[in-house]
Structures are given as structure tokens and as C-alpha cells.
Amino acid sequence: MDTLDIISSINNEDKKVADAVEKVLPSISRLVDETTKRFEQGGRLFYIGAGTSGRLGILDASEIPPTFGMPHDRVIGLIAGGDSAIRKAVEFAEDDTKQAWKDLEAYDINHNDVLVGIAASGTTPYVLGGIHDAKDKGILTAGITNNPGSPLALDSDIAIEVVVGPEFVTGSTRMKSGTSQKMVLNMISTALMIRIGRVKGNKMVNMQLSNTKLVDRGTRYLVEELALSYDEAEKALIKYGSVKKAMEALKQQ
């Protein structure tokens, strides 16, 4: 294959991913609804995984505070091998069936929380061990996998089995499998944040104002919503610290 043939073939495989995710929307919806109930009672959402799957869980969790203004301890991603495994693979870390629960215990995980295991093969010992131990403690569990009928799907309370088919490079689950996992995680966390009121319309009204771009975005939200001048909106945004708080304060005036 020449280069264009290679990337065209990868693109053709990638086109199958969204259709595969569509088939599991009812399971994703159920997970979001169950998580919302627990979240509103102070519960948390945990992701566990190894390799690509673990990194995707951490990525999704890390984006919740800046995007939706939530505390860092409400959506938590854990990876086999610890934080050093985010950048560099840790040999055999995923083979320990007891380590996930030890990692979760450090956060005092309890029955108000939800645990989502992510594993393309559905056989990763680290993930399976965590799911098994969590279920034993009465914690709601879900499994995101690309292997139908896998142990992870069978062991989880809610199975999300996204069947994307063989990878372009055999066994390279960072490709279609990883893409499908990212799509599912986007749906879970975004829908959860919408359900608990962290979004107004389609606007990120609780986002952290951590850079000039986001301050400008928030200012324009206020201009659009309240018919203020840009300068008035910017001053209000900086004063109150978030779009939502500024809206609430200004509407009361």
C-alpha cells in the first residue's frame, strides 16, 4: 500500500465506529440515568482501565472540572500501574486482579458511587478484579468492551459492548476500539453533566475561566443571553466567576 491507501483504509474502518456505538445507546442511557441518581446524592463516577483504555478514562475525567466546573473528586480515572503509566507503559501492571480495589479504596469508594471498567478485550485482570470487588460491596458497575460476551460484559451490572470488528492493524485496540471508547465516555460524562444541570441550553455555563479564550467565550454567552455590552458582560463575568453565577446575579438586579 502507498500512504494514501493506508490512511484511506483506516478511514473506512473508522466509519464503522459510530454505527457500532449507536447499537448500544440504550445501555449507555441506562448507565447515565443510574449514575445521575447517585451523583445527586453526592456519589462519584470512577473509571478503571489499563493502557489505552485507562488513559481514555483519565482523559475524560480530567476534562470535567474545566468544562463543567465540577470538583476534581467527582469523576475519577484510574489506570493500572498508577499515574506513571499515563505516559509510559508499566509492564504486567494490568495482570494484578487485586490492585484495582486497592486503588479504589484509597478514595473510600462506596455504594453511592459508580464504577465503570474499560477494556477492549473484556479480559483485563486489573479491570475484572476491580469490577468483581466493587459488586461484592454493592457498588453499581458497568463495563465498556469491544468483545461481546467477554468476562467484563458478563460480570458488570450494565454491559456496553461496542462491536467494531477487527482492527486495521490486528490487535491494535488504540484504533477503532479506542475511538469507540472515547465516544462512549464523551456521551456518559456529557449527558451526566447535562442531567445534573451543569449546562444551560448547549452552553458551558459552569466552565472554569482558566484562560483568555474561555473568558471571551463566557463573555459572549452573557452578551447573547442578557443583551449586555461586551465590556459589561466581561466585568460581570470576572466579578462573579462563572457564566451561571453572573446570569443569576444580574437577573435579580
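Which residue is the bridge partner of Gly-49 in E3? In this predicted model, the partner is Ile-118. Gly-49 also has a bridge partner in E2, namely Ile-79.

Strand E1 pairs with strand E2 (residues 75-79) in the parallel sense, over 5 bridges. The pairing of E1 with E3 is parallel too, and again runs over 5 bridges.

E1 is mostly covered, with 5 of its 5 residues buried. In a regular strand, side chains alternate between the two faces of the sheet. Here Leu-45, Tyr-47 and Gly-49 point one way from E1. Phe-46 and Ile-48 point the other way. Residues on both sides are buried.

Now follow the nonpolar residues. In soluble globular proteins, nonpolar side chains tend to be buried together. The largest nonpolar core holds 32 residues. Leu-45, Tyr-47, Val-116 and Ile-160 touch the most other members. Helix H8 (residues 176-195) gives the most to this core, with 5 residues.

Val-116 deserves a look of its own. Leaving aside residues up to four places away in sequence, Val-116 touches Leu-31, Leu-45, Phe-46, Tyr-47, Ile-48, Ala-142 and Ile-144.

Phe-46 leads on to the aromatic rings. The structure holds 1 aromatic pair. Such a pair is described by the distance of the centres and the angle of the planes. The rings of Phe-46 and Tyr-107 have centres 5.9 Å apart and planes at 70°. Planes over 60 degrees apart count as edge-to-face, so this pair is edge-to-face. Phe-46 lies in strand E1 (residues 45-49), while Tyr-107 sits in the loop between helix H5 (99-105) and strand E3 (114-118). The pair therefore ties together parts that are 61 residues apart in sequence.

Tyr-107 is partly exposed, at 36%.

Another ring meets a charge. The charged end of Arg-74 sits over the ring of Phe-39, 4.2 Å from its centre.

Finish at helix H11 (residues 243-252). Its buried residues are Val-243, Ala-246, Met-247 and Ala-249. They pack against helix H9 (212-226) and helix H10 (230-240).

How values were computed:
Residues numbered from 1 in each chain as written. Predicted model: local features only at pLDDT ≥ 70, side-chain atom pairs only at ≥ 80, totals over all residues. Heavy atoms only, no water. Buried < 20%, exposed > 50% of the residue type's maximum accessible area, 1.4 Å probe, protein only. Helix = DSSP H or I, 4+ residues; strand = E, 2+ residues; numbered from the N terminus. Contact = heavy atoms within 4.5 Å. Core = buried A, V, L, I, M, F, W, Y, C linked by side-chain atoms within 4.5 Å. Phe/Tyr/Trp six-rings, centres within 6.5 Å; stacked < 30°, edge-to-face > 60°. Lys NZ or Arg CZ within 6 Å of the ring centre and 35° of its normal. Pairing = 2+ DSSP bridges.
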